[in-house]
There are 2 protein chains.
Amino acid sequence: MEPGPRSRPAEPGPCVSASPSAGAALPASGAEPGSRPAAVAAVLPAGGCGERMGVRTPKQFCRVLGRPLISYTLQALERVCWIKDIVVAVTRENMEEMRNIIQRYGHKRVSLAEAGATRHRSIFNGLKALAEDQPDGKLTKPEVVIIHDAVRPFVDEDILLRVVIAANEHGAAGAIRPLVSTVISPSADGCLDHSLDRAQHRASEMPQAFLFDVIYDAYQQCSDYDLEFGTECLQLALKYCHTKAKLLEGSPDLWKVTYKQDLYAAESMIKEKISQEICVVVNTKDEESVGYLLKEALRNELNCINITSTPLDLPGRDTQNFLMAQCYSFIHVNVVSSDSHETQRFLSIIEESSLPLLYPVVVVLVCFLDFTLVPLTQKMESLVWIRDLAKEVKKSNVLLSGLLINHSQLALTV
Amino acid sequence: MEPGPRSRPAEPGPCVSASPSAGAALPASGAEPGSRPAAVAAVLPAGGCGERMGVRTPKQFCRVLGRPLISYTLQALERVCWIKDIVVAVTRENMEEMRNIIQRYGHKRVSLAEAGATRHRSIFNGLKALAEDQPDGKLTKPEVVIIHDAVRPFVDEDILLRVVIAANEHGAAGAIRPLVSTVISPSADGCLDHSLDRAQHRASEMPQAFLFDVIYDAYQQCSDYDLEFGTECLQLALKYCHTKAKLLEGSPDLWKVTYKQDLYAAESMIKEKISQEICVVVNTKDEESVGYLLKEALRNELNCINITSTPLDLPGRDTQNFLMAQCYSFIHVNVVSSDSHETQRFLSIIEESSLPLLYPVVVVLVCFLDFTLVPLTQKMESLVWIRDLAKEVKKSNVLLSGLLINHSQLALTV
């Protein structure tokens, strides 16, 4: 039974793998024996016009939760530290928009090349930008190059590593999937000529990877007909360099956003994933505190969701543990309700991070007050303070809501 | 440029086509010349176990907006009057669940057959139930049989009619789509043997249709190997009856719900479609009335959404115009706020219809009051009345909310 997509969506932030020099840090899930080369780059052809989507915007620029699809894909690649450079081939008319996307979403390792009229020409242009003999060579020629699609945002490090290692060993490698529909060959009169045995065929998906010299050589020898009408890079490596690509089974999340329904699916998958984690931010290390008890109570209630907790007041880098975890939903527990300073500090950390650039960050502020002890005016002041704060941080894409809880009646189950 | 999916989702209600005796009532969108046979049935193999979905529930029974996927597909077929019988092949263990679905969602033309261990065996069992020589022959043998998938809920009458007419002429016909990915053939060692020319191949989708005698004959001659490992009905017609199927280009909405992301996509597509229409229900025929002006104002503001209006108090069948339109969002304008009788009558019509069985029905009740004339107590009473009414109708899946508008300040733009 194949699992449903489980990996995190394309997200920015710290690199999920070991350091670039760590050689073949193989994940558990079945990468081949072999070693990863030191220098890996990626080429993303993104010159398509999205005609299959039925919308004007090319599909790689279509927005998913307000953010262009290609930005998710770029960040999926950027999360993998050992991919040094990412060359995106875009048409001249989309060059400016692509530059804006790079700046707006903080992409760091991306260079642009001009797309050609076809997919193969775009890839070739991307490869040329990586080849040594380019005059403005800011980029260095990699040993292995990954070719991926801008419209497959859910690629994870596991499959990237597996294709790179296999390419290093075999010269070329690519992800495949079982066919969903039977493939047939029509005759000239629009009738069935024959159908293919589904068990003998596979869908060729992305990512693929190649020894740079193999695929660059293939493209240099390539006929105009291939550049114009070909669709399969693995086939070019076979035809021109006699390199038989290794085929690796990929997961269903490698699917290509092609039609309108795929955009809907991508949106729902991202929503599901960013809501799978809640971080309880507490203002004490005391494990008997309300915050920790709340975390335990939530764990019992919401067993599909990953609940973590972190104290806010650790010194130095650790303060930002919750940023490292790429979490977008927070419960900030403020036991001393008058301690607005701490809440503001937490919100500032969030606002200044890259988190709200990418998705709305949800913060539920929980304040405890003993209603029998505090006057009504203090309660009202607290409410007004939360409301004003919520208005303020909303400008930075942080959605704050507040709960005042009567401490004297506090039940420790939620 | 191919349009995005536009057709309505599978919905119950009145038949969208001409009467069954109307011969070939061709829709505008390119059905072939030819005529539709009088007797058409459909077979839906639904014995799959959903292993690709990564969930326990077979995918045809997975819920989309609370309703099993297969129910959407059945209603898409039931909307087409000229499909007389629909035979669903389900496994013995799902027979009871399927019976419950048929009853719960009011499916009328559905019979059950027992699924076999493979898709072909299930289809064969479905065909046997339609063949004349069955002892408990409640079903009549059709001239043409449609074979469709339970997990393709967005099939519309246009493609069904086209495959049926083509099958009547050619003996067999099926929907095809361009390939999304290149198809390759792996060698025994898991490397690329060759890739297929994408332009020369197509994905074979559903629906397909056959002269009943052709496909039944093919299944009767069929080898055990074909029944066990085959995937393509068109291929059986070719192999055993030398019938070359006509291939017809289908729309992207024919896609097959296979993985978890497809369920998400189906849900979003259905949501989008049921929110594309708002009906303003008014209590007067007076075209100068607030209700009509509201409709015009909404039309100007919401130009992607189809806004209709209908008076509530027409006699006889016409009262239910809004039910015929399969609309799920209503604005009920009550100019005389004290006329609760009328609102209740409208809500009863909705509750008693099949609408809230299928989706939540949203009703916004707009009442006008001149706040300068009515006392505060009357306003409060109106609010309490709406709240109580909302609680009551929520039990029937009708989501009511109310707006009290100060009539004296009424602006005629919304």
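For lining residues, Ala, Val, Leu, Ile, Met, Phe, Trp, Tyr, Cys and Pro count as nonpolar, Asp, Glu, Lys and Arg as charged, and the others, Gly among them, as polar. The model is predicted, and totals for linings use all residues. Residues are numbered from 1 along each chain as its sequence is written, and chains are lettered from A in the order in which they are written.

**Exercise 1.** Find the number of cavities of 30 Å³ or more, and describe the lining of the largest cavity.

Step 1. On a 1 Å grid over the protein atoms alone, a cavity is a set of points where a 1.4 Å probe fits but cannot get out; lining residues have an atom within 4 Å of a point. The search of the whole structure gives 7 cavities.
Step 2. The largest cavity has a volume of about 680 Å³. Its lining has 34 residues, and A:Val180, A:Ser181, B:Val180, B:Ser181 and B:Glu205 are the closest to the centre.
Step 3. By class, this lining divides into 17 nonpolar, 8 polar and 9 charged residues.

**Exercise 2.** Describe the lining of the second largest cavity.

Step 1. The volume of the second largest cavity is about 90 Å³.
Step 2. Of its 14 lining residues, those nearest the centre include A:Arg198 and B:Arg119.
Step 3. The lining divides into 2 nonpolar, 5 polar and 7 charged residues.

**Exercise 3.** Why is helix H1 of chain B largely enclosed by the rest of the structure?

Step 1. Buried means under 20% relative accessible area (1.4 Å probe, protein chains only).
Step 2. Helix H1 (residues 69–78) of chain B is largely enclosed because 10 of its 10 residues are buried.

Methods
This is a predicted model: local features need pLDDT of at least 70, side-chain atom pairs count only at pLDDT 80 or more; totals for chains, interfaces and linings use all residues. Side-chain values use heavy atoms; hydrogens and water are left out. On a 1 Å grid over the protein atoms alone, a cavity is a set of points where a 1.4 Å probe fits but cannot get out, and a pocket is an open set with protein on both sides within 12 Å along at least five of seven lines; lining residues have an atom within 4 Å of a point. Grid points are joined across faces, edges and corners, and a volume is the space filled by probe spheres set on the points. Buried means under 20% relative accessible area, exposed over 50%, partly exposed in between (1.4 Å probe, protein chains only). Helices (H or I, at least four residues) and strands (E, at least two) are DSSP runs, numbered from the N terminus.
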